[in-house]
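Please open the model in a viewer in which residues can be selected by number.

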Amino acid sequence: MLEVAALSHFYGKHQALADIALAIGQGEIVAILGANGAGKSTLLKSIAGLVKPAPGATIRFEGHHIGELPAHLIVERGIALVPEGRGVFGDLTVAENLQLGAHPARARAGEADRLARILRLFPRLAERMAQAVRTMSGGEQQMVAIGRALMSNPLLLLLDEPSLGLSPLLSREVFRALAEIRSSGLSVLLVEQNARASLDIADRVYLIESGRNAGSGPASAMKNDPEVQRAYLGKARAAPSPP
Ligand SMILES: Nc1ncnc2c1ncn2[C@@H]1O[C@H](COP(=O)(O)OP(=O)(O)OP(=O)(O)O)[C@@H](O)[C@H]1O
């Protein structure tokens, strides 16, 4: 569904991404793990058309090259980004924020059904449709942000740190929603500090270090990789066995 190759990005002289390659199949949840500053957000923004890849990159979605398209046309192709920090409109209500997500042409057909499905996914939003988003908890605002992205009728959802700053309870709710979203056939590319939760939910994982690919594999295998356990799951390296 999505194929990325030779993706680099420079902020001035600073190279944030170097020759990144990744692929996502339909209905997959793919997680990206990497330290702070590794380039994860830049990778999502490059796919969403918010930062421009350096020449030579390939970003192919559903067989079409999208690397040169502006962000609004990438949304029309079916890729929706939920940015870090959510990007919701605090002074608008939940209903108005969700409505804003429905602006692409691809979202027009079936809009009412889509809204009903989103409100079943996040019943808290159904109870608060007329509430200004700035008065909601961080977790509820994250639900608004995900709901707004889903209103665009995407095929692929890009999520940047959806559990950042959420209580464990709300974080579990967000991850439960992601599992439901996947079971409806959507694909998800997930950047998450909570490595344990993302390894639990993901099908496959890519590791990124200093803007470069540093490993990939099925989430089930990555969970047992000693290096992943040490770097991302806080497990100490096993002591060497005595001679
Ligand atoms: N607008 C910008 N201008 C200059 N440098 C930037 C800009 N945005 C990001 N960077 C730098 O690019 C590198 C990658 O940043 P990015 O936000 O993609 O990393 P990240 O893996 O998402 O980090 P975090 O986990 O802390 O959110 C970092 O060194 C960062 O300081």
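Is A18 buried, exposed or partly exposed? This is a predicted model, and in it A18 has 17 other C-beta atoms within 10 Å, so the residue is partly exposed.

**Stop 1**

Select A18, which belongs to strand β2 (residues 14-24).

**Stop 2: the annotated domain**

Select residues 2-235. An unreviewed UniProt entry places the feature "domain: ABC transporter" on this range. Over residues 2-235 the chain is 38% helix and 25% strand.

**Stop 3: strand β1 and A6**

Move to strand β1 (residues 2-11), where A6 is found. Display the backbone here: the phi of A6 is positive, near 50 degrees, and A6 is not a glycine. Most residues other than glycine have a negative phi. A6 has 15 C-beta neighbours inside 10 Å and therefore counts as partly exposed.

**Stop 4: helix α1**

Select residues 40-48, helix α1. This helix is largely enclosed by the rest of the structure, because 8 of its 9 residues are buried. The buried residues are K40, S41, T42, L43, L44, K45, S46 and I47. Continue to G49, which follows α1 and has a positive phi near 85 degrees.

**Stop 5: helix α6**

Select residues 138-150, helix α6. How far apart are the end C-alpha atoms of α6? They are 18 Å apart, which agrees with the span of 18 Å that 13 residues should have at 1.5 Å a residue.

Now colour α6 by burial. The helix is mostly covered, with 12 of its 13 residues buried. The buried set comprises G139, E140, Q141, Q142, M143, V144, A145, I146, G147, R148, A149 and L150. To see what surrounds these residues, display β6 (79-82), α3 (94-101), α4 (111-121), α5 (123-127), β7 (156-160) and α7 (168-183), against which they pack.

**Stop 6**

Within helix α5, select R124. Leaving out residues up to four places away in sequence, R124 touches E140 and M143, both among the buried residues of α6. The C-alpha atoms of R124 and M143 are separated by 8.6 Å, and the two residues are 19 residues apart along the chain. R124 is partly exposed, as it has 16 other C-beta atoms within 10 Å.

**Stop 6: α3 against α6**

Two packed helices are described by the angle between their axes and the distance between the axes. Display α3 together with α6: they pack at an angle of about 35 degrees, with their axes 7 Å apart. The crossing is right-handed. On the α3 side the contact is made by V94, N97, L98, L100 and G101, and on the α6 side by V144, G147, R148 and A149.

**Stop 7: α6 against α7**

The axes of α6 and α7 come within 9 Å and cross at roughly 15 degrees. The two helices are therefore roughly parallel to each other, and their crossing is right-handed. The contact is made by G139, Q142 and I146 of α6 and by L170, E173, V174 and A177 of α7.

**Stop 8: α7 and the residues around it**

Just after α7, select G185, which takes a positive phi of about 105 degrees.

**Stop 9: E161**

Finally, select E161 in the loop between β7 and α7. This residue is not a glycine, yet its phi is positive, at about 55 degrees. E161 is buried, because 21 other C-beta atoms lie within 10 Å.

Note on methods:
Residues numbered from 1 in each chain as written. Predicted model: local features only at pLDDT ≥ 70, side-chain atom pairs only at ≥ 80, totals over all residues. Helix = DSSP H or I, 4+ residues; strand = E, 2+ residues; numbered from the N terminus. Expected span 1.5 Å × (residues − 1). Buried ≥ 20, exposed ≤ 12 C-beta atoms within 10 Å, placed from the backbone. Contact = placed C-beta atoms within 7 Å. UniProt positions renumbered as here; feature names shortened; annotations may be inferred. Axes fitted to C-alpha atoms, helices over the stretch in contact; angles between N-to-C directions. Parallel < 35°, antiparallel > 145°, perpendicular 65-115°, else oblique. Left-handed = near helix turned anticlockwise from the far one by under 90°.
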